[in-house]
Amino acid sequence: MLLRIFTEPQMGATYDDLLAVARRTEETGFDAFFRSDHYLTMGGNGLPGPTDAWVTLAGLARETSRIRLGTLMTAGTFRLPGPLAISVAQVDQMSGGRVEFGLGSGWFEAEHTAYGIPFPSLGERFDRYEEQLAVVTGLWNTPTGETFDFEGQHYRLSDSPALPKPVQEGGIPVLVGGKGRKRTPRLAARYASEFNVPFMPADDNARLFAGVREACEQAGRDAASMVYSSALVLCVGKDEAEIARRAAAVGREVDELRQQGVAGTPAEAVDVLGRYAEAGAERVYLQVLDLSDLDHLDLVASEVLPQLG
């Protein structure tokens, strides 16, 4: 199982804060640094304010050298698919081919109204999301020298040169995630390299993974070609006092975190991760909410990572 660090910068972080976490992620042996894509805090004052996901990742592309970089998830409501494909391909070039692209439909209405971003109905957002996946992957997969056309209900492209191209072999991995039982598995089977389940018990992960495997089979795709992953909040400490301190720092209760995340002592964390591995998770995104606590990453890297094989 691979462990990846996942941050929520909208809760309050500068680029320098994120750079410090990304560098520690790389130094201590984690596989990747991912971030959310939000423009409004979900608690507290959010100072100093939001940072843009792909601006951040472009900077980190030049200031790291090994770790994978990506989003859980880029909000489809924030950007047009053509320019988004250009931005992500450029960051892939800037990183030497280390980018992974999580795309979602967008869900947090308040951040849209706060920054003047249209927020269609759920049905329309999902329809747009499906077209966005088709456009972005279509642009990247069009052979150099050929053009790309797309005629959808919401997006139309004509005679696009479909440039620039990603640089990594096999193209940029696309992540689709969520809890939906019908459209989401179908879209994952068609467009995604990885399917992610956010913040759900291990049994639910197993059920949702099974749904995606079934969708792959129905689409004529080898279900084993999909990577299956989970996202879980992280709160690990050497003892109960340190666990409690870390929980309090992010405004959470220890008991709740033990029930819903990778929380407790390092030994407890290994046990939790083992349950998710049994459910089928090949990667886990550890949601780190206190970005100033780099010792948290050090502890997990030294006492949990080596136990995962």
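Which element gives the largest share of the lining of the largest cavity, and how many residues come from it?

Guide: The model is a predicted one. Strand S10 supplies the largest share of the lining of the largest cavity, namely three residues. The structure holds one cavity of 30 Å³ or more, and the space in the largest cavity amounts to about 70 Å³. Its lining is formed by Val233, Leu234, Cys235, Arg246, Val250, Leu257, Gln287, Val288, Leu289, Asp290, Asp293 and His296. Two elements, strand S10 (227-236) and strand S12 (283-288), each give two or more residues to this lining.

For context elsewhere in the chain, helix H1 may be described as well. Helix H1 comprises 13 residues, 15-27, and spans 18 Å from its first C-alpha to its last, close to the 18 Å expected at 1.5 Å a residue. Leu18, Leu19, Val21, Ala22, Thr25 and Glu26 are the buried residues of H1. Seen down the helix axis, the buried residues of H1 fall within an arc of 165 degrees, so they line one face of the helix. These buried residues pack against strand S1 (2-7), strand S2 (32-35), helix H2 (53-63) and helix H11 (294-303). Asp16 and Glu27, on the other side of H1, are exposed.

The ends of H1 complete the account. After H1 comes Gly29, which has a positive phi, near 100 degrees.

Note on methods
Residues are numbered from 1 along each chain as its sequence is written. This is a predicted model: local features need pLDDT of at least 70, side-chain atom pairs count only at pLDDT 80 or more; totals for chains, interfaces and linings use all residues. Side-chain values use heavy atoms; hydrogens and water are left out. Helices (H or I, at least four residues) and strands (E, at least two) are DSSP runs, numbered from the N terminus. The expected span of a helix is 1.5 Å times one less than its number of residues. Buried means under 20% relative accessible area, exposed over 50%, partly exposed in between (1.4 Å probe, protein chains only). The arc is that of the directions from the helix axis to the C-beta atoms. Contact means heavy atoms within 4.5 Å. On a 1 Å grid over the protein atoms alone, a cavity is a set of points where a 1.4 Å probe fits but cannot get out, and a pocket is an open set with protein on both sides within 12 Å along at least five of seven lines; lining residues have an atom within 4 Å of a point. Grid points are joined across faces, edges and corners, and a volume is the space filled by probe spheres set on the points.
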